[in-house]
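This briefing sets out the overall organisation, the cores, the chain contact and selected local features of the structure shown here.

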Amino acid sequence: MNPKFIFHDFYASLKQWIRSIGTVFWTILFPILLILIFGAIFSGANDISYDVVIQNIDDGGFSQEFIKIIDNTSILKVEIIDNNEDIKTYMIDNDKSAGLRIPSDFSEKIQQSFYDENITVNLTFLSDPSDQTTAPIIKNIISNILSGYNKGITDGRVVAGMDTESILGEEFEFIDFFVPGIIGFTIMTSMIYGSIERNTKYRKDGILRKLLTMPVSRADWIISKMLFMLVLSFISTFVIITVGILVWGLSIKINIFFFILVISTSFMFSGMGMIIGRFVKEEETADMAGGAITFPMMFLAGTFFPLEQMPAFLQSIAQVLPLYYVNEGLRNAMIYNDMDKTLFFTGFVLIFAIVFFVLGVFLTKWKED
Amino acid sequence: MIAKKVRCSKCGKIITITGSSGEVKKVNCPDCGNKGKVTFKKYLTNEDIAIHVSNLTKLYGNLKAVNDISFTVQKGEVFAFLGPNGAGKTTTVEMIESIRKPSSGKIKILGKDISTSFKEIREKIGILPQEFHSFERLKVRETLEYYSKVFENHADIDEIIDSINLGDEQNKLYRNLSGGLKQRVGVAISLVNDPDIIFLDEPTTGLDPKARREVWDVIANLRDRGKTIFLTTHYMEEAEYLADHIAIIHKGKIIAEGSLDELIDRYGEGSILRIKNCKTKGIIDALKDYGYYVFSENNGDIAVKIDYKEKVMNILSLLKQECVDYESIDIRRSNLEEIFLRLTGAKLSDGGS
């Protein structure tokens, strides 16, 4: 290894990057724009969902009647779960984004309210915070049903109300879901396109042929470029998180898995770019090939929308996309703090990173046939 | 001792002279007294050889891109590897530069086999690849510093900038330079390790005549500084202007090799005197009667082969004597284009096919 060359090449790459307005835009400004635009759009978003889990702890008739009203709406599909189940765990395990808990004193309180105007009772609405499109709609529908119910029994006086709780124990917003997705997406695009440029443009321009005749090893060249790309990944990540915190009040946790994920994601997508550059030698065609891979992955891997909102067959496709594991890994490491899931997704990302990077390095040739 | 036959440029007499390798000998024509010099070809020792290629072949499937070629490049000369596009020039030079692996054959640079000693050799060679473009967003000086720092031995950047005349451009971004300047920077990059041998692969392709001339001046200047230059080109004017030694490659084979004079002597038609728009009938027969090799051309011009100076005066006297009516006369020497056409039946500029 030649540290002098690595430093020297790294410094030259950095200078060129700073002078390239387009690259700086895609690496830093574009993700910021996405955060601001999508954050604004989804802060008050509405969407449709069908499933609602109900746990009825009350054994009176009013609660049964209320469930029947919900069940009679064509929009909501009710699933009653046993009182012994923990509703939050059940929702997480079964990917349910909305649930309703009817308290044990529901019927009793409703009955008392006929005589005492001050008596009220609250249901608990539980939701998956990452699903900021489906859950609010369900909540809205149930609120409307509650209004109708109140009107029916007390001529409009609010007896039955509703509290909201997150199934993750913390309140999350769309931006919490969105920021890790943007980090994954930004690393993906800058790594793939950076790699493609080095392997097609530099080949076309004779730079790789020139390097072949100079005292530079392929390993030193790849190490210096990867170091530079890693620094870029962390710069992008830092900027995205900073904007998320300053503009949207994002709350994140930084742990070792976060760093492992950023690093292995960088290696994984660099490897993918190398593979594209190996097989598609024309610069323009390689860019198109890069787009053909990054764009579908961006939409299908749960970057902007929760996977649960997509049709089942698209969800199955997402499960084979590397970006899905990056997004979910980052979300669990940075936001949900779910160590089991973090380990699971980080493991997959590491495997993808090793496979793609090793394959990319192995397939990248400097020497001509 | 070596015996050499030369023709007197004045009267055409064949004279036999003896001398030794590399010797320059004065000659007097015994018939007309014309004085001249004869240079005996220098037989090279290992110390004189920069590049030696023997039986080099490159196969792509059944296609022989380079077909068993051998040649030697002398230290301090400009060696032009001339041929149309697709002839095998770049494949050959890239095998010498160790970018491509030969199918068979040997290549030695400065006496060392490149298959075993390339790491040592690469410190002593500088390369400008074909269609080379450096990093778009580095300035000229930064570019030279970038490549320079890779080598153990590096030349002074200021000196390179001065010698290639890049002083005014050194702080400009590479992407903002004209095509000619980019090629000059490419040549400058090949000098960053102060190499003994410089490989320039098609350094002026795509340049306008002015920019091409500027690059030629840079190359000529390098030769004057004692560098050995391996120049790959498909421009015959470039080879004629710059080369001390020329190898013509066609369909993977070297079909002719030597200095420009040697190639013209060996394969050219010598000099041709052309009488333009001749209106006097019977002049062709008259010239033939005097023993001249005459041929009429399609456009009505008459061409006469000139193999020594005296013939020109004799023909002019004959034209005057016969009161021949003509528009003009010019004398032209054979060039590489004609030699290539003669050897291959194809034009160099048409890609040789």
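A nonpolar core is a set of buried Ala, Val, Leu, Ile, Met, Phe, Trp, Tyr and Cys residues joined through C-beta atoms within 7 Å. A residue is buried if 20 or more other C-beta atoms lie within 10 Å of its own, exposed if 12 or fewer, and partly exposed in between, with C-beta atoms placed from the backbone. In these terms, the largest nonpolar core has 73 residues, and Ala80(B), Phe230(B) and Leu231(B) have the most contacts inside it.

The model is predicted: local features need pLDDT of at least 70 and side-chain atom pairs count only at pLDDT 80 or more, whereas totals for chains, interfaces and linings use all residues. Residues are numbered from 1 along each chain as its sequence is written, while chains are lettered from A and ligands numbered from 1 in the order in which they are written.

**Overall organisation**

- Chain B has eleven helices and 18 strands; helices (H or I, at least four residues) and strands (E, at least two) are DSSP runs, numbered from the N terminus.
- The C-alpha trace of chain B spans about 75 × 50 × 45 Å along its principal axes.
- Of the 353 residues in chain B, 35% are buried.
- Two residues are in contact if their C-beta atoms, placed from the backbone, lie within 7 Å. Among contacts in chain B between residues at least 6 apart in sequence, 65% join residues at least 24 apart.

**Domains**

- Domain bounds come from an automatic or database domain assignment. For chain B this assignment gives domain 1 (2-39), domain 2 (46-265) and domain 3 (270-333).
- In chain B, the C-alpha centres of domain 1 and domain 2 lie 36 Å apart.
- Chain A is assigned domain 1 (3-42 + 173-363) and domain 2 (51-166); the C-alpha centres of these two domains of chain A lie 43 Å apart.

**Nonpolar cores**

- Phe230(B), one of the residues with the most contacts inside the largest core, is in contact with Ile51(B), Val73(B), Phe79(B), Phe81(B), Val93(B), Ile197(B) and Phe199(B), leaving aside its neighbours within four places in sequence.
- A second, separate core of 55 residues includes Ile183(A), Met191(A), Phe258(A) and Leu323(A).
- In soluble globular proteins, nonpolar side chains tend to be buried together.

**Contact between the chains**

- In the model, 19 residues of chain A are in contact with 21 residues of chain B.
- On the side of chain A that touches chain B, the elements giving two or more residues are α1 (3-18) and α8 (207-212) of chain A. The most come from α1(A), with five residues.
- That side of chain A has seven nonpolar, five polar and seven charged residues. Here Ala, Val, Leu, Ile, Met, Phe, Trp, Tyr, Cys and Pro count as nonpolar, Asp, Glu, Lys and Arg as charged, and the others, Gly among them, as polar.

- Two strands pair if DSSP finds at least two bridges between them. Strand β5 (residues 49-60) and strand β8 (residues 104-109) of chain B pair in the antiparallel sense over five bridges, and Thr57(B) has Ser104(B) as its bridge partner in β8(B).
- Strand β9 (residues 112-113) of chain B runs antiparallel to β8(B) and is joined to it by two bridges; in β9(B), Asp113(B) is the bridge partner of Lys108(B).
- β8(B) and β9(B) form a hairpin with two residues between them. In the turn, Leu110(B) has a positive phi of about 50° although it is not a glycine.
- Leu110(B) is buried because 20 other C-beta atoms lie within 10 Å.
- Asn55(B), in strand β5 of chain B, also has a positive phi of about 50° without being a glycine. Asn55(B) counts as exposed because 12 other C-beta atoms lie within 10 Å.

- Asp194(B) lies in the loop between α5 (179-189) and β11 (197-201) of chain B, and its 17 C-beta neighbours inside 10 Å make it partly exposed.
- Not counting residues up to four places away in sequence, Asp194(B) touches Asn153(B), His154(B) and Ala155(B).
- Asp194(B) and Lys124(B) are 70 residues apart in sequence, yet their C-alpha atoms are 7.3 Å apart in space.
- The expected span of a helix is 1.5 Å times one less than its number of residues. Helix α9 (residues 218-248) of chain A, with 31 residues, should therefore span 45 Å, and its end C-alpha atoms are 44 Å apart, which agrees.
- Just after α9(A), Gly249(A) takes a positive phi of about 65°.
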